[in-house]
Amino acid sequence: MMILIGEVTLFIFLFLFVIAIIMAVLIVTSIRSGQVFFPALLRPFLVLMEGFVKSICTFLGIEPGELLRFLIRLDNRMNTKAFADIPPSERAIFLPQCLRSAKCPAHLTPEGLVCVGCGRCSLGTGIPKMKALGYHVFIIPGSTFIKRMVKQYHPKAIVGVGCLMEVKEGLEMCNRIGLIGMGVVTVKDGCVETIVNWQDIFDVIRIGIDPSSIPKDFDVSPN
């Protein structure tokens with residue numbers, strides 16, 4: 001019996017090892033080609049074996065940042081259809097406070113920072129466009145605000161903007177609490193005056209929205 005148990009355990013280990021290698025090869029191929037191969041297959045195995053697969057990807061020459069970007073892209077790809085089915089009025093977008101100007105006059109409130117449209121940064125131009133589509137928009141100083149606003153407003157889907165780790169952790173939180181999450185990564189990290197490609201945000205938030213209801217100048221990114 002002990003020999004049988006040992007053989008079964010060894011077989012399971014070898015099976016998982018082979019599957020992890022296959023998943024890692026698929027990820028590396030996807031990253032280098034710019035396409036996501038077999039996303040429905042990749043996601044569940046990554047949930048179970050993420051640490052092991054990450055180690056193999058690192059061994060194969062994939063930088064941690066590249067892998068994080070891919071995982072975020074994979075989550076977005078898997079959530080797109082469900083996100084599209086949710087009306088904008090039941091969606092929320094969370095923007096990091098680091099996008100604002102260092103001279104921002106906005107004050108912190110129980111619902112985060114409230115933009116006053118002073119013109120010192122692009123938030124004053126981008127936020128009205130998002131609100132015009134029906135979104136709840138928040139500028140937050142930390143993840144605790146996300147949990148608080150989710151409890152207060154009960155959105156069915158959220159869009160999180162931030163650095164790689166912030167977005168990755170936000171998507172994981174969404175998976176835990178049963179929310180549909182979409183992530184947009186900033187193009188410049190830091191704590192002050194970071195930069196985001198607004199077109200990336202606009203491309204996400206208009207998913208599932210009738211194009212005829214979107215203003216013609218919507219895609220003009222704030223300066």
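The lining of the largest pocket has 15 nonpolar, eleven polar and five charged residues, where Ala, Val, Leu, Ile, Met, Phe, Trp, Tyr, Cys and Pro count as nonpolar, Asp, Glu, Lys and Arg as charged, and the others, Gly among them, as polar. This is a predicted model, in which local features need pLDDT of at least 70 and side-chain atom pairs count only at pLDDT 80 or more, while totals for chains, interfaces and linings use all residues. Residues are numbered from 1 along each chain as its sequence is written, and side-chain values use heavy atoms, with hydrogens and water left out.

**Largest pocket**

- The largest pocket holds about 560 Å³ of space; a pocket is an open set of points on a 1 Å grid over the protein atoms alone, where a 1.4 Å probe fits, with protein on both sides within 12 Å along at least five of seven lines, and lining residues have an atom within 4 Å of a point.
- Its volume is the space filled by probe spheres set on the points, which are joined across faces, edges and corners.
- Among the 31 residues lining the largest pocket, I140, S143, I146, V161 and E166 are the closest to its centre.
- Helix 6 (164-177) is one of the elements that give two or more residues to this lining, and its eight residues are the largest share; helices (H or I, at least four residues) and strands (E, at least two) are DSSP runs numbered from the N terminus.

**Second largest pocket**

- The second largest pocket has a volume of about 250 Å³, and its lining has six nonpolar, two polar and four charged residues.
- Helix 3 gives the most to this lining, with six residues.
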